[in-house]
Amino acid sequence: MTSIERTAYPRFKRLITAHELHLFFSPSRDELEWAADATDCDEHLLALLLMLKSYRRMGCFPALEDVPEMVVDFVRRAVELPEGTLPAYRAERTAKHHRGLVRKQAGVTYDQAKARGIVEQSIRKEAAAKNRPADLINIALEKVVEAGLELPGFSTFDKMASKIRTEVNASIRKGIHDRMSAAQRAGLMRLLEERDSGGTTLFNRLKKPAKGPTWSHFKNLTKRLEWLDGLGDTDVWMDGVAAGKITDFAGEADAADASELRDFVPVKRIALIAALTHKARMRVRDDLATMFCKRVATKIKKAKAELEEIRLAEREIVEALIGNYRTVLKHIDEGGPAQEALTQAAAMTVETRQALEGLDEEASADEVTKRLEGKVSPAVIALIKAQMVQAGGFGAVTQAVEGFGGFAKQYEQIEKVSAHHGNFWEVLLYGQIGRDRAVMFDLAGAENLKFTATSEDSRVLDALAHAQRHQAARGEYITAFNEEGKEVDISFATQNWRKAVIDKTRTGQFVRKQFEAMVFTALAEELRTGDVAVVGSEEYADWSEQLLDWEVVQETLGTYLVEVGLAEPGESAEFDAKLFRRQLEDKLRNTAAAADAGYPENEGLVIDPETGIPSLKAYRADGQRPSAKRLEQEIKARMPERSLMGIVARTAYWVEWWRRFGPPSGNEPKLTDPLGRYVIVTFVKGTNMGPYEAARHIPGVSGHELSYVANKHFSIVLLNEAVADLVNAHARLDISQAWGDGTAVAADGTHMDTYLDNLLSETSVRYGKPGGIAYHHVSDTYIALFTHFIPCGVCYLGRPEAVRYAA
């Protein structure tokens with residue numbers, strides 16, 4: 001049976017604020033007169049008002065004994081009934097008559113057969129995509145409310161959800177089973193029987209992934225990918241099965257061991273293993289893509305670090321270059337070897353010029369012989385000697401450069417200094433990834449990862465294909481034209497990258513090394529932002545394929561626009577991008593106008609007229625007033641001391657964040673006391689204790705129990721949902737609104753002093769997390785959840801001591 005706490009079925013929450021009491025349970029004058037006319041005693045009057053207000057709040061009739069005492073007291077005082085008056089009916093016929101009056105007053109139809117039909121239809125439709133009974137119940141609740149019908153009892157929803165879910169899941173599993181060949185089914189069955197060299201079954205190898213996605217584990221991941229692909233094409237097996245179903249089936253298989261799976265019927269057993277295999281294939285591709293992105297990011301970081309080192313060493317390099325240039329100048333300047341050689345060569349050519357003066361290009365051979373008297377003129381020999389002297393002078397300059405490490409070394413130093421001045425780290429990147437070039441090409445090859453563009457922009461993938469076609473090249477340059485004779489478009493790259501890739505002296509060619517580094521960098525960035533997807537992946541899947549069909553969107557677009565305030569009820573005008581943009585501009589313009597109008601009166605806000613940067617003035621308190629000191633003393637006197645375990649338990653009881661946790665299959669936890677077990681596990685993990693260490697100090701639990709629950713019933717997503725529950729619960733409390741007027745709160749956020757900011761990792765760009773919070777480490781998320789208990793726990797002052805697990 002599904003726990004009602006896990007669903008949205010209307011019921012009285014344990015945490016009811018004073019604001020909610022006044023908002024939902026204050027009887028109006030008309031309601032009081034209506035109830036007084038229909039009743040003949042105070043007990044019936046109180047009962048009828050409670051039924052009316054509860055029905056309008058929840059959409060169903062609660063048992064009078066389930067109405068919280070604080071609600072009964074509030075309504076009793078609101079209508080000024082005598083103290084001690086209790087809601088009660090002497091006869092069931094009166095209660096039934098009052099329920100009819102409430103339905104008529106609320107304008108709701110009582111048709112349980114129709115409501116059950118809507119419940120069955122909605123659950124059967126959604127069960128094909130959703131697996132958790134609580135989700136199915138919540139959807140059915142929404143459909144019944146939309147139909148304006150009274151809600152059936154919770155047991156009706158629960159039984160129908162359980163029955164239909166079982167039927168739909170059996171049909172889906174049979175479909176998976178039938179889409180597999182006999183050989184493929186036999187191969188999956190062997191996973192439960194065959195053992196590896198370590199003595200464990202191959203099914204255990206399927207459950208436990210290869211080592212982490214680090215560069216040194218590339219071969220392990222590629223071997224695992226080859227092994228998994230050899231089990232069969234799981235995309236065919238899972239054709240038409242919703243992603244949520246696959247995840248839950250895989251979670252159920254992962255939570256079981258080989259012996260447990262052998263007890264399942266063959267169809268279910270094979271379907272669950274097939275789902276786990278499909279997930280494993282997706283995850284290994286995720287690991288490969290993550291490995292590639294991390295490696296590129298690491299190399300970029302190292303290139304930038306190298307640039308910083310060059311900047312630090314710039315003075316030494318510049319001084320060396322200046323010294324080298326000074327030496328070259330000394331060789332060329334007056335008095336230097338090159339200049340002396342040039343002067344000597346010029347003097348030696350005077351004799352030749354005098355001897356040959358008057359001869360031109362058209363002089364005959366006889367004329368030349370006559371001028372030189374038939375012999376080789378000493379002037380010609382002097383000319384040759386002058387040329388040798390001149391060459392020797394330039395050789396002295398060359399020898400000086402060679403003494404500095406050669407021309408290449410000098411050019412390299414100049415390039416480094418130029419990179420510094422232009423913040424040009426791109427030219428340094430290939431020096432970092434050169435050793436990984438072969439592995440990067442292997443990883444980006446179709447045999448490992450198959451990429452696809454998520455939009456019509458395929459420039460990066462076209463550039464990658466061009467680099468792959470010239471992978472065997474070892475020259476400095478490659479052609480800039482593809483097989484069709486068209487120039488490869490690199491307009492996606494930054495100006496620095498284009499500057500590094502294109503050599504102006506070689507038209508129609510790319511600098512090979514820089515081109516490859518640019519492609520790898522762009523590919524990693526496209527993967528990170530979702531512009532390029534990995535076929536068969538999960539984290540790097542094509543997000544566009546997960547969008548709803550436009551026909552489905554059109555069916556609910558009108559209702560959605562009304563709910564979010566972008567359209568008025570009954571409005572039939574077509575909603576397009578231009579209208580949406582105009583609405584956003586109007587909202588922003590109005591908000592900006594309101595902010596501008598309030599600025600002159602806002603003494604705490606200052607905007608610098610030159611930079612436009614806003615800042616808040618430091619607020620200086622006038623000191624504590626005597627009344628504030630008395631209030632502080634009174635609060636301390638009434639505030640009981642709470643242990644950390646007690647705070648965790650109290651928040652679990654009042655907020656019910658524990659309902660977020662459970663087995664990955666979506667079934668109810670098969671624990672005797674899930675609330676108590678989840679409270680203890682959260683306390684243990686939130687304090688960074690190990691399960692076996694904690695078991696030595698907490699009687700009644702074992703380390704195995706704590707470890708099992710933490711590993712099988714907790715996840716990053718569920719932990720974030722629990723954190724969101726606590727944040728939302730704290731925001732509902734009256735004390736949280738004391739820092740503002742209901743529309744604005746304190747800007748410094750000191751009323752929520754937690755360690756959250758210190759624990760947040762870089763927020764995921766591709767996928768948002770529940771509550772707007774994204775954690776990348778389980779331990780950090782436990783601690784973040786744990787620290788939220790403190791501000792929430794101290795706010796439950798005056799609540800009855802109803803927590804059984806308080807330490």
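Biologist: How many salt bridges does a search of the whole structure find?
Modeller: The search turns up 31 salt bridges. Keep in mind that this is a predicted model.

Biologist: OK, give me one. What does Glu 31 pair with?
Modeller: Its partner is Arg 56, and the two side chains meet at 2.3 Å, N to O.

Biologist: Is Glu 31 buried or exposed?
Modeller: Glu 31 counts as buried, because its relative accessibility is 7% and the cut-off for buried is under 20%. Arg 56 is partly exposed, with 42% relative accessible area.

Biologist: Which residue does Arg 76 bridge to?
Modeller: That would be Asp 73, with the closest N and O atoms 2.6 Å apart. Both sit in helix α4 (residues 69-78), three residues apart, which is about one turn of the helix. Arg 76 counts as buried, at 5% relative accessibility.

Biologist: Which residues do salt bridges with shared partners join into one network?
Modeller: Glu 120, Arg 124, Lys 163 and Glu 167 are joined that way.

Biologist: Back to α15. At what angle does it pack with α25?
Modeller: The angle is about 125°, and the axes are 9 Å apart; α25 covers residues 512-529. Angles of 65 to 115 degrees would count as roughly perpendicular and over 145 as roughly antiparallel, so α15 and α25 are oblique to each other. The crossing is left-handed.

Biologist: Which residues make that contact?
Modeller: From α15 you have Phe 292, Cys 293, Val 296 and Ile 300. On the α25 side there are Phe 520, Thr 521, Leu 523, Ala 524 and Leu 527. By class, the contact of α15 with α25 has eight nonpolar residues, one polar and no charged ones.

Biologist: What about α15 and α21, how do they pack?
Modeller: Helix α21 (residues 426-433) packs with α15 at about 120°, and the axes are 8 Å apart. That makes α15 oblique to α21. The crossing of α15 and α21 is right-handed.

Biologist: Who's touching whom there?
Modeller: α15 brings Lys 299, Ile 300, Lys 302, Ala 303, Glu 306, Leu 307 and Ile 310. α21 brings Leu 428, Leu 429, Gln 432 and Ile 433. The residues of this contact of α15 with α21 divide into seven nonpolar, one polar and three charged.

Biologist: Zooming out, how many helices and strands does the chain have?
Modeller: It has 35 helices and six strands.

Biologist: What share of the 807 residues is buried?
Modeller: Buried residues make up 40% of them.

Biologist: And of the contacts between residues at least 6 apart in sequence, what fraction joins residues at least 24 apart?
Modeller: For those contacts in the chain, the figure is 73%.

Definitions and conventions:
Residues are numbered from 1 along each chain as its sequence is written. This is a predicted model: local features need pLDDT of at least 70, side-chain atom pairs count only at pLDDT 80 or more; totals for chains, interfaces and linings use all residues. Side-chain values use heavy atoms; hydrogens and water are left out. A salt bridge is a side-chain nitrogen of Lys or Arg within 4 Å of a carboxyl oxygen of Asp or Glu. Buried means under 20% relative accessible area, exposed over 50%, partly exposed in between (1.4 Å probe, protein chains only). Helices (H or I, at least four residues) and strands (E, at least two) are DSSP runs, numbered from the N terminus. Axes are lines fitted to C-alpha atoms, for helices over the stretch in contact, and angles run from 0 to 180 degrees between N-to-C directions. Angles under 35 degrees count as roughly parallel, over 145 as roughly antiparallel, 65 to 115 as roughly perpendicular and the rest as oblique. A crossing is left-handed if the near helix is turned anticlockwise from the far one by less than a right angle, and right-handed if clockwise. Contact means heavy atoms within 4.5 Å. Ala, Val, Leu, Ile, Met, Phe, Trp, Tyr, Cys and Pro count as nonpolar, Asp, Glu, Lys and Arg as charged, and the others, Gly among them, as polar.
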